[in-house]
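Have a look at the sequence and the model, then read on.

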Amino acid sequence: GKPANIIVDCYDSEITRVTAKVQTPSGDSWNIEFEPKFKSKVYEGTYIPVEPGYYVVKVMFDNEAIPENLYRVLIGNPDGVCLDGEGLQYAFVNNDNVIDVYTEK
């Protein structure tokens with residue numbers, strides 16, 4: 001499958017580490033370590049969907065869970081999915097965050 005990138009902008013915080021836990025529809029899970037981009041407060045992490053179904057992504061800042069941040073992503077064909085939106089780029093605690101999911105036929 002194609003990689004699914006997650007970008008988190010921590011521009012207005014003292015966040016120094018961003019991680020995420022991804023759970024597959026069959027219950028397997030793995031951790032994602034985010035890397036800073038361009039020596040800034042923008043972090044990028046990547047995972048590759050391995051099966052169709054609902055994935056759960058939970059983002060952590062400095063090993064602390066963000067309240068209400070479980071993102072459920074439905075993967076039909078793992079090769080045809082792209083995530084975008086402010087929720088991936090600018091996720092804020094106690095605010096609504098939007099993630100757009102695009103799929104190919």
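Let's start at the hairpin of β6 and β7, where two residues sit between the strands and aspartate 62 takes a positive phi near 50°. Strands here, like helices, are DSSP runs numbered from the N terminus, with at least two residues (E) for a strand and at least four (H or I) for a helix. Most residues other than glycine have a negative phi. Asparagine 63 also lies in the loop between β6 and β7, and its phi is positive too, near 65°.

How open to the outside are these two? Aspartate 62 is partly exposed, with a relative accessible area of 33%, while asparagine 63 counts as exposed at 53%. The cut-offs are under 20% for buried, over 50% for exposed and partly exposed in between, with a 1.4 Å probe and protein chains only.

## How to read the model

This is a predicted model, in which local features need pLDDT of at least 70 and side-chain atom pairs count only at pLDDT 80 or more, whereas totals for chains, interfaces and linings use all residues. Residues are numbered from 1 along each chain as its sequence is written, and side-chain values use heavy atoms, leaving out hydrogens and water.

## The overall picture

The protein has one helix and nine strands. From the N terminus on, they run β-β-β-β-β-β-β-β-α-β. Of its 105 residues, 33% count as buried.

The protein exposes about 6700 Å², and carbon and sulfur atoms supply 48% of that; the area comes from the Shrake-Rupley method with a 1.4 Å probe, and for residues only the protein chains shown count as cover.

## The sheet around the hairpin

Strands β6 and β7 also belong to an open sheet of four strands, in the order β3-β2-β6-β7, with antiparallel pairing. Two strands pair if DSSP finds at least two bridges between them. β3 and β7 stand at the edges with a single partner strand each, so one side of each is left without a neighbour in the sheet. On average, neighbouring strands of this sheet are turned by 20° against each other, direction ignored.

Eight bridges join β6 (residues 53-61) to β7. Among the bridge partners, valine 57 goes with tyrosine 71 in β7, and valine 56 with arginine 72 in β7.

## The core

Valine 57 turns up again inside the protein. The largest nonpolar core has 22 residues, and those with the most contacts inside it are Val18, Phe34, Tyr47, Val57, Val59 and Phe61. Such a core is a set of buried Ala, Val, Leu, Ile, Met, Phe, Trp, Tyr and Cys residues joined through side-chain atoms within 4.5 Å. β1, β2, β5, β6 and β7 each supply at least two residues of this core.

## Charged pairs

How many salt bridges are there? The count comes to two, taking a salt bridge as a side-chain nitrogen of Lys or Arg within 4 Å of a carboxyl oxygen of Asp or Glu. Arginine 17 forms one with glutamate 33, with the closest N and O atoms 2.5 Å apart. Arginine 17 lies in the loop between β1 and β2 and glutamate 33 in strand β3, so the pair ties together parts 16 residues apart in sequence. Lysine 37 and glutamate 44 form a salt bridge as well, with their closest N and O atoms 3.8 Å apart.

Note on methods. Axes are lines fitted to C-alpha atoms, for helices over the stretch in contact, and angles run from 0 to 180 degrees between N-to-C directions.
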